[in-house]
Amino acid sequence: MDRVVRIFYGGTVNKDGEMVDMRDQVVPFVKAPMFSEIETKAASFVGVRGGLRFRGRFDAGGGGRAHYVLLELGTEDMWLLYKECLKDAQVKIAEVIVDVVGRDGCAAIVPETVMLEDEPADVLTQEGLHVPECHDGSPVGEHVHPLVSPRGMVEYNDIPDNTFEEEDRGREEENNMAPDLRYRLLDTTFDEEHRAHLMVDLGRQLKCMRSRTHKPLSWDERYAVYIGRAGLLPLARLVNAGLPRMDSAALTALVDRWRPETHTFHLPCGELTVTLQDVAMILGLPIVGLAMIGMVQPQGWRDMVEAALGLRPPEVEEDVKDRKTTGVSSAWLAEHFSNLEDPEAPDWLVERYARAWLWHLIGGFLFPDGSGNTISWMVFPIVAGTWENMATYSWGSGVLAYLYRQLCDGCRRSGQSSGLGGCLYLLQVWMWERLPVARPDRIPVEEWQFDDDGSLPTVGYLWKNCINVVGNKERRYLFYMNELDCLTQHQVEWTPYHRPEVMQMQLSPLCYRDKEFWRIEVPLIFYYAVEWHLPQRVMRQFDRLQITNVPFTLTNKILHKCNRKKERGAVNWAEKNQAYIALWENRVNIRVQPTSGPRHLTVAFNEYLQWFHEVSRVHLKPALSGVAIADLPDSGDEDDLIDDYDAATRVGTQPERAPLHNYTATQMGRLDNEAAHALRHPQGSAEEL
């Protein structure tokens, strides 16, 4: 019965759970449907794409008496829970009630006379709908409240009518996704320049990318009081304790696996990604706060810097070919603000140096680009404000948004001197925490010397004393590519923050403070960069159940095309991205505890892996040979076949591990199928012939 669903719509449900004036459709499915399939089918009946409320009804009565219970649906987890409830119910068939949601979340009854195909739900008037009273007894029209959007989030009524026009155009473009014929999860728009496509399908040999990192300016303990008021002291303590050396070869091998379509790394072991949990645990950055966005004004930024720091950045000389206007060089800040030597310096001078130190940290550590050593002036209006105002921003979501954007750009860079941007320290430590590939040995760290809450360490501190990996980076890059190609789910540290070493640490309160936002699907914003946070694709990272073919918000291609190169003039990004800011501010209504929902199941994850391998490119190294063992030539020796592996090893060449691994897996799969066929159909039978 799990392949049959009865969908009710067009009426109401009374207090006893009984249907009133409901129409219904009994829908058979080829296999047990996902909740997203229920949504699609229901929308075709009701005629409304978004603004739908779903409830599952089951009979929890006994002794021949019905007792109906309504369970709110809306996510795959709740759909799975509802199906669990059906197992013990008197009626086993799934009964889904669909309502068109009006204001205040009240259900609006769609009358027979309304032609929904011609009049979408978002433009229906009060006259076109029968709207019941809301929970407080008032008509819904008296309030200005959010409407449920097609994403299941919130659109605010006081946003101008044209605010979502660009998003709608992007959604239309997303619906015209051009999937790869071999990998249905991939979009050819992103894939045609993707490093994986260039290497696997076109046979190109790409170079290791350069990691853009900036050494922080010299620290003075007198800065601590100011950085603490900005809410960034845990990060400052982490950076000043010492940073490990970046492994550009490992980072490049990882970036080769990044997919802009899903904001995840596609690996043989499944999907993984950097989430808001990792930002909080590794860097100790706040998640709750204002979106990192504002007005970008290229003219007059040097005046602003001079007013705040007392020193004017140099103008670019006329005869310089590369006339960068995006900020100051790291060397300029180091030259003028690296050391505050006067022990009796007045407070106003200490504050200036502290502000310069923080600007360098933000522009060179949290938000570096992949092109050079420039410290951007884009965030300087925030840095130039009051220290308390800096503490009101969501630095964690801004850092992750920028990292996502840099990964989406970096995975499509193939030049000889291409660089990686974003907070690579976060990405590097994330990789070491979860993957055994390129993980260095660690020397035990020293005892933490600060004991106040504002100065406690983060998980990143554990990697302070790494033993640097040395050797030719191009050779290491190829080695890491091979290792990632052979990675299994059993080699991954899915929940690294649950290990005893971390659990026994006295961590900064910021590491756990905002944990109810770790798993929300929400747009992350950093000025021009708007990137979706999609933790439902990596539920195993939270030790939760990972479902197959999880529905998700496609990353908007129009948003990916928006960057500073195309928007060189003055831009009010707060106005331009108003729709996404509204969705970000609605996060309080969609928060969820990280441990809620069904736990990880190995059987379910194996089903997910089987599906995932069919729809995405998970191997970057082709099999050593595609020829079946039975078709290989015989050397003349007894039981000896000549293949590429034999030919290579006999002349003293050591084949790469991943091609041999993939070759062996292919051959074993083929032999397994042939053996199964032989057992089912004995030699000489009609079926065998």
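**Aromatic pairs and other labels**

Tutor: The count of aromatic pairs comes to 31, where rings of Phe, Tyr and Trp (its six-membered ring) pair if their centres lie within 6.5 Å, and planes under 30 degrees apart count as stacked, over 60 as edge-to-face and the rest as tilted. This is a predicted model, in which local features need pLDDT of at least 70 and side-chain atom pairs count only at pLDDT 80 or more, while totals for chains, interfaces and linings use all residues. Residues are numbered from 1 along each chain as its sequence is written, and side-chain values use heavy atoms, with hydrogens and water left out.

Student: What makes the pair of W79 and Y82 stacked, tilted or edge-to-face?

Tutor: The ring centres of W79 and Y82 are 5.8 Å apart and the planes meet at 35°, so the pair is tilted. W79 and Y82 are three residues apart in helix α2 (residues 76-87), which separates them by about one helical turn; helices (H or I, at least four residues) and strands (E, at least two) are DSSP runs, numbered from the N terminus. Both W79 and Y82 are buried, a word that means under 20% relative accessible area, with exposed meaning over 50% and partly exposed in between (1.4 Å probe, protein chains only). Ring pairs also link W79 and Y82 with F35, F54 and F58 into a cluster.

Student: Which parts of the chain does the salt bridge between D485 and R257 link, and what makes each residue buried?

Tutor: The side chains of D485 and R257 meet at 3.0 Å, N to O, in a salt bridge. This pair links distant parts of the chain, with D485 in helix α17 (residues 473-485) and R257 in the loop between α8 (248-255) and β12, 228 residues apart. D485 has a relative accessible area of 0%, so D485 is buried, and R257, with 3%, is buried as well.

Student: Why is R312 called partly exposed?

Tutor: R312 has a relative accessible area of 35%, so the residue is classed as partly exposed. R312 forms a salt bridge with E315, the closest N and O atoms being 3.4 Å apart.

Student: What makes R237 and F450 count as a charge over a ring?

Tutor: The definition asks that NZ of Lys or CZ of Arg be within 6 Å of the ring centre and within 35 degrees of the ring normal. The charged end of R237 sits over the ring of F450, 3.7 Å from its centre, and the charged end of R355 sits over the ring of W387, 4.6 Å from its centre.

Student: D21 and H263 are both residues with positive phi, so where does each lie, and is each buried or exposed?

Tutor: Phi of D21 is near 55°, a positive value in a residue other than glycine, and D21 is found in the loop between β3 (19-20) and β4 (23-28). Phi of H263 is also near 55°, and H263 lies in the loop between β12 (258-259) and β13 (264-267). D21 has a relative accessible area of 69% and is therefore exposed, whereas H263, at 2%, is therefore buried.

Student: How do you know that R434 is buried?

Tutor: R434, which lies in helix α16 (residues 424-434), has 0% relative accessibility and so counts as buried. Leaving aside neighbours within four places in sequence, R434 is in contact (heavy atoms within 4.5 Å) with residues including L272, D278, E493, W494 and Q541.

How values were computed:
Salt bridge = Lys/Arg side-chain N within 4 Å of Asp/Glu carboxyl O.
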